[in-house]
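Please work through the exercises below with the sequence and the structure in view. Each task is followed by a solution in steps.

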Amino acid sequence: MRSPLSTLPKAELHIHIEGSLEPEMMVALAQRNGIALPYDSVEAVRAAYQFENLQSFLDLYYAGAQVLQTEQDFYDLTWAYLQKCAAQHVRHTEIFFDPQTHSDRGILFEVFHSGITQALKDAKTQLGVSSALILCFLRHLSAEAAMATLEQALPYRDSIIAVGLDSSELGHPPSKFQAVFDRARAEGFLTVAHAGEEGPPDYIWEAIRLLKVSRIDHGVRCVEDPALVEYLVEHQIPLTVCPLSNIKLCVFDTMAQHNLKHLMDLGLCVTVNSDDPAYFGGYLAENFASVESALELSPEQLVQLAKNSFRASFLSPAEQQPYVEELETYN
Ligand code: HPA
Ligand code: ZN
């Protein structure tokens with residue numbers, strides 16, 4: 001008998017590790033580190049998670065991240081997310097981290113990097129979850145600050161596969177970071193960028209042409225430019241779509257109105273991801289379940305999404321193959 005679809009092996013390609021900070025851990029770490037939070041309970045933290053756009057979320061997300069102080073804090077944060085991965089059949093995950101969110105508070109690169117990477121190593125041996133790490137620059141800060149962050153990361157380059165671009169999109173086009181990304185590629189990093197979440201299709205074009213990205217993070221606004229859709233389809237540039245995030249941040253009003261199925265029908269390489277699971281109401285399995293029911297996806301489409309997640313990953317073709325073969329058994 002065929003296994004249930006809930007056991008599909010999956011890869012996650014768009015998760016901000018700071019966005020996996022659950023309210024329970026936020027409160028516990030605040031206590032452990034003697035930090036005052038503007039909330040008096042876990043319930044009050046959760047109740048504050050009502051957002052009208054990306055910026056209203058980012059304000060709380062950066063405030064929440066301040067409870068992360070020690071190497072152990074970053075280990076605990078990352079380990080909790082990786083345990084979720086194991087429980088939800090996520091076999092491989094490519095994790096964003098935001099150095100500037102921490103180094104601008106005086107936390108050393110070595111501290112957050114060690115905590116995160118030790119948890120990744122333990123997950124490989126103890127949970128069978130493989131991973132890669134993607135350093136994101138905060139685009140609301142200057143290009144010079146991004147370049148300084150890249151330089152801080154160079155001693156750790158063997159553990160970081162790519163650089164990306166996150167935070168407030170509108171008013172901060174990819175072109176602002178062209179020189180930083182040129183340098184990153186020269187240093188051997190792959191590149192990705194958030195584009196077309198709130199920003200226009202032109203930002204997706206810039207990410208492709210100027211930053212030479214391997215994937216577009218979000219990208220749902222590509223449909224406004226037919227020539228761009230044609231290009232993305234022809235080159236099979238993956239979109240790391242985040243359904244629950246898009247509803248929480250009002251990119252779409254309801255899940256039934258989400259364009260994920262339409263993107264698939266257009267022939268785009270679409271993947272499903274959780275973005276900031278502690279803030280948006282679910283991890284990868286909840287994102288899959290939500291689009292499955294709201295968009296009435298077929299079993300074949302769910303398997304396709306899972307296959308896309310490995311095909312779009314930075315695993316080598318040889319590493320991807322066993323997962324794709326396992327997924328063929330579901331068809
Ligand atoms: N968009 C941009 N920046 C972010 C996000 C997001 O969804 N999550 C964390 N940083
Ligand atoms: Zn994101």
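The exercises that follow treat cysteines, helix packing and individual residues.

This is a predicted model, in which local features need pLDDT of at least 70 and side-chain atom pairs count only at pLDDT 80 or more, while totals for chains, interfaces and linings use all residues. Residues are numbered from 1 along each chain as its sequence is written, chains are lettered from A and ligands numbered from 1 in the order in which they are written, and side-chain values use heavy atoms, with hydrogens and water left out.

**Exercise 1. Determine how many disulfides the structure holds, and examine Cys-136 and Cys-242.**

Step 1. A disulfide is a pair of cysteine sulfur atoms within 2.5 Å. The structure holds zero disulfides.

Step 2. Cys-136 takes part in no disulfide, and the nearest cysteine sulfur belongs to Cys-242, 11 Å away. Because the sulfur of Cys-242 is 11 Å from its closest cysteine sulfur, in Cys-136, the two are too far apart for a bond.

Step 3. Relative accessible area under 20% is called buried, over 50% exposed, and in between partly exposed (1.4 Å probe, protein chains only). Cys-136 has 0% relative accessibility and therefore counts as buried; Cys-242, at 0%, is also buried.

**Exercise 2. Describe how helix H4 packs against helix H6.**

Step 1. Helices (H or I, at least four residues) and strands (E, at least two) are DSSP runs, numbered from the N terminus. H4 covers residues 71–87 and H6 covers residues 109–127.

Step 2. Axes are lines fitted to C-alpha atoms, for helices over the stretch in contact, and angles run from 0 to 180 degrees between N-to-C directions. The axes of H4 and H6 come within 7 Å and cross at roughly 30 degrees.

Step 3. Contact means heavy atoms within 4.5 Å. Among the residues that make the contact are Phe-74, Trp-79 and Leu-82 of H4 and Phe-112, Ile-116 and Leu-120 of H6.

Step 4. Ala, Val, Leu, Ile, Met, Phe, Trp, Tyr, Cys and Pro count as nonpolar, Asp, Glu, Lys and Arg as charged, and the others, Gly among them, as polar. The residues of the H4 and H6 contact comprise twelve nonpolar, six polar and two charged.

**Exercise 3. Describe the packing of helix H9 with helix H10.**

Step 1. H9 (residues 201–209) and H10 (residues 226–235) pack at an angle of about 35 degrees, with axes 10 Å apart.

Step 2. H9 contributes Pro-201, Ile-204, Trp-205 and Ile-208 to the contact, and H10 contributes Ala-227, Leu-228, Tyr-231 and Leu-232.

Step 3. By class, this contact of H9 with H10 has eight nonpolar residues, no polar and no charged ones.

**Exercise 4. Locate His-218 and Cys-250, and state whether each is buried or partly exposed.**

Step 1. His-218 lies in strand E6 (residues 215–218). Although not a glycine, His-218 has a positive phi of about 80 degrees. At 0% relative accessibility, His-218 counts as buried.

Step 2. Cys-250 lies in the loop between helix H11 (243–248) and helix H12 (260–265). Cys-250 is not a glycine either, yet has a positive phi of about 60 degrees. At 42% relative accessibility, Cys-250 counts as partly exposed.
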